[in-house]
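Please look at the structure below before reading on.

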Amino acid sequence: MNNRPGILHFVTRTLLIVLPPVALIVGLYLLVDPYHVVRGEAIESFDVDPYNTPRLYTNKGLISLKAIERRIAEGDTPDSYIFGSSISCYYDVDYWNRYINSPTTPIHFDSAHEGAASMLLKLKYLRDRGIPLRHALIVLDPEAISHPLSGDNIVSLDPPAVAGPGTLPRWHYSYLRTSTSPDFLISYLPYLCNGHYNRNGRQNVFEVQPMHYDVYRNEESIPLWDSIIRRRPEIFYTAHRLPAHRQFHCSDTARVDTRREQYYRAIAGELSGTDYHVVVSPTIGLDTLSSRDRRLLADIFGHDRFHDYSVSMAHIALADTNWYDRRHYRAPAARMIIDSIYTGRQ
Amino acid sequence: MQFNSITFLIFYVIFFGVYWALARRLKAQNVMLLIAGYIFYGWWDWRFLSLLLFTTLTSYATAILTTRSHPRLWTALNIAVNLAILLLFKYFNFFSDNLSRLLGAFGWNIDSFTIEVLLPIGISFYTFQAISYSVDVYRRTLAPERNIVTFATYLSFFPQLLAGPIERGADIIPQLNRARQWDYDLACQGARETLWGLFKKVAIADCCGLIVTRIFSDSADPDTWHLTVAAILFSIQIYCDFSGYCNIARGLAAMLGIRLMVNFRYPAFSRTPADFWHRWHISLMSWFRDYIYIPLGGSRSGKWHTALNIMIVFTLSGIWHGASWNFVAWGVAWGAIMVLSRAIKVKRYPADNAPTTSARDMLRICLMGWITIMTFVLFRISDGLDHAWHIISHTWLTVALTMFAAWTGITLLSRLGHRVWAIVTIIALTAIAAVWVFAGGAVAIPVLIRLMLPVSIVALFAAEWHGRRDSFALEQLPARPVAARMAVYWILLLAIMLSNPTDTNFIYYQF
């Protein structure tokens, strides 16, 4: 008895049953493409007027990459980069350039929830494309050092251009699952129809901050909030409460485990020949590095290039007006840190 | 790799094609199964392969030696080796800590010695399978398998390797020694059961788990209402997670022409404690019955000895589940319940007796539901015995009231005609969904779950009630019209694909 038709019949029927709902889901993803990862218009969707057009929580790593590619395409390849997670977002590249005097405007190359592995991939991306890296500023804090080594959701995944073409299926699969989840659609579909969106409880599909975006510098700013903080800080901090009690959390816990150490050493290797600085900025909760981590990172990056300000610049953490929220300090605080790196003034 | 992952889908599709391409070559098929089993297991952690290989070789060798000389010695040796592995990896730290505390209570202060050791996934399942094989060979109810590939495949059969069912050699080895013929109906049944298992795991268990986790992470001291929801949903979660896994395992095996045992027979519809244990984790309880309870004397040695045997079996069953006092307490609680139900001569139902819609059966089912939920609070939901007692003391009444309301509603509904029943059910579901949607409250539950989960849970129990005489809920679906079948398949597929995109392990992997 020939079994093959039976098996083929089974496989065919299974595919006929499975394909329609899969095609529906995939078709929805390709048609709607809310994150613009299929048609490659991510940066256009990010570079919008925040007061009139809500912005999706998107992959900042992808936006950063597109911004750099745009500068290269325009013949204005940057040679100075600020790396880090979202805590590096409000570092003013022009202010930094006063110290490094780069002929080209520096640019941010950051990602949400940046980890060491992710950062290394970015450095390798620049090196593999022959992009000069004359100056680098790596912004960390004790919490960021504990981030997962690389991203694991659509906001923090490394784009395939950085992580390698082998990650393309995972990239699109993550976006497919997110873009077609009803939680996403319940927020997004009303926005498509009438420009308004549902907050959908704690599922933040859209950004809550009225953020301005400078695509040339890949830099973010929130002038509305800055204005409120300058003029009426009590109004702002009533709506955006900060932790009330702040005291040092001196930690003996090693945040730099063996794997992180390997990645940081590889990062230092990639930065050979580059004028770079690595800064550990204070957190609002006054977390500190353990002495073991401090010594290790100083050994990896060099004592003159590694700056642990988690204790020595704790005054930043104590002034509310230096913060937007419990994780992100504002540009004035970032400028103080840059001043300290290059002049020693704290 | 998880069953509910794209990686496994690709793995299985490739394997399926190669496997059936070798349909007339039994040895090659078994070698493929063996390789697939080791790839599957090694994907979690390649270091675990050495343990599986060690268990395989010792069990294989000692079984053959048993037939030559000193059968008791070789069998005892294999049992000791397997139990030693289990004790070392799973229970060493638990016993060390508790011994240190016990000695400390008598004034002998010693530092507990603990070791950093990973718990190999699925170890409790394959070691029990190896032990059952050894004992069956010793008892001469099974001839030792002389083909090492066949035996190794029996222990490493990937659909059931990580979380059961705990299969007996007498059931699987003959199937591995026969050429598998393509059986279209069996394969379709397998595909259907796999789909059903994925629905239970992804659309129900994982969503319940999300809510339970958030209830305990959002608040240090959840109120009674939230604790009640957590207790009920956790019970549903663990049922759907484990039985869903077993459905998938059976389905995947069926598509390869191999039949695995039914491990769950609708325990949600149990009417008595004994009935429950004829329906829940059948392979484990039959293992304990055949290799612990009956050798200890079973129920043949007087009522006190029988009670002791029952307590021993259930305490060991609790310990099998995990190295913590919660699991021990769970086992002891169930032992006490079983002893009590025997003592007051609670009615015993044959294993294949299906419950009816009578008010009495419904009441018994709801009462058993209450008992099961309360005992599952001990199982894992709580963080220590004090916490478990806190939850039980705050929820026993609200869960009882919920079960009573369910009994009242279902009993009344069953008195109505089918169409009225359907209309009332739809109205009830809509009301439930509306309450959930607008009552987000302190727990952030994604809208998806608030809309889909009540519907999915009701659909699950309705389907399982309808199919309670079958091996799984959708077994009789082929008898329905094509349109109805396609609608069911597509709804289940969409529910699976649209469920919360989180990667969550099967709960019983940790055992």
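In this predicted model, helix α5 (residues 116-128) and helix α12 (residues 258-270) of chain A have axes that come within 9 Å and cross at roughly 25°. Angles under 35 degrees count as roughly parallel, and α5(A) and α12(A) are therefore roughly parallel to each other. The crossing in which α5(A) passes α12(A) is left-handed.

Which residues meet where α5(A) and α12(A) are in contact? From α5(A) come A:Ala116, A:Ala117, A:Met119, A:Leu120, A:Leu123, A:Lys124 and A:Arg127. On the side of α12(A), they meet A:Arg260, A:Tyr263, A:Tyr264, A:Ala266, A:Ile267 and A:Glu270. Sorted by class, this contact between α5(A) and α12(A) has nine nonpolar residues, four charged ones and no polar ones.

The next topic is chain B. Chain B is divided into domain 1, made of 6-110 + 117-180, and domain 2, made of 186-263 + 274-510. Where these two domains of chain B touch, domain 1 gives 25 residues to the contact and domain 2 gives 24 residues.

On the side of domain 1 of chain B that touches domain 2, the elements giving two or more residues are α1 (6-21), α4 (71-105), α5 (123-138), α7 (158-161) and α8 (169-176) of chain B. The largest share of that side, five residues, comes from α5(B). By class, the residues of this side of domain 1 of chain B divide into 15 nonpolar, six polar and four charged.

Technical notes
Residues are numbered from 1 along each chain as its sequence is written. Chains are lettered from A and ligands numbered from 1 in the order in which they are written. This is a predicted model: local features need pLDDT of at least 70, side-chain atom pairs count only at pLDDT 80 or more; totals for chains, interfaces and linings use all residues. Domain bounds come from an automatic or database domain assignment. Two residues are in contact if their C-beta atoms, placed from the backbone, lie within 7 Å. Helices (H or I, at least four residues) and strands (E, at least two) are DSSP runs, numbered from the N terminus. Ala, Val, Leu, Ile, Met, Phe, Trp, Tyr, Cys and Pro count as nonpolar, Asp, Glu, Lys and Arg as charged, and the others, Gly among them, as polar. Axes are lines fitted to C-alpha atoms, for helices over the stretch in contact, and angles run from 0 to 180 degrees between N-to-C directions. Angles under 35 degrees count as roughly parallel, over 145 as roughly antiparallel, 65 to 115 as roughly perpendicular and the rest as oblique. A crossing is left-handed if the near helix is turned anticlockwise from the far one by less than a right angle, and right-handed if clockwise.
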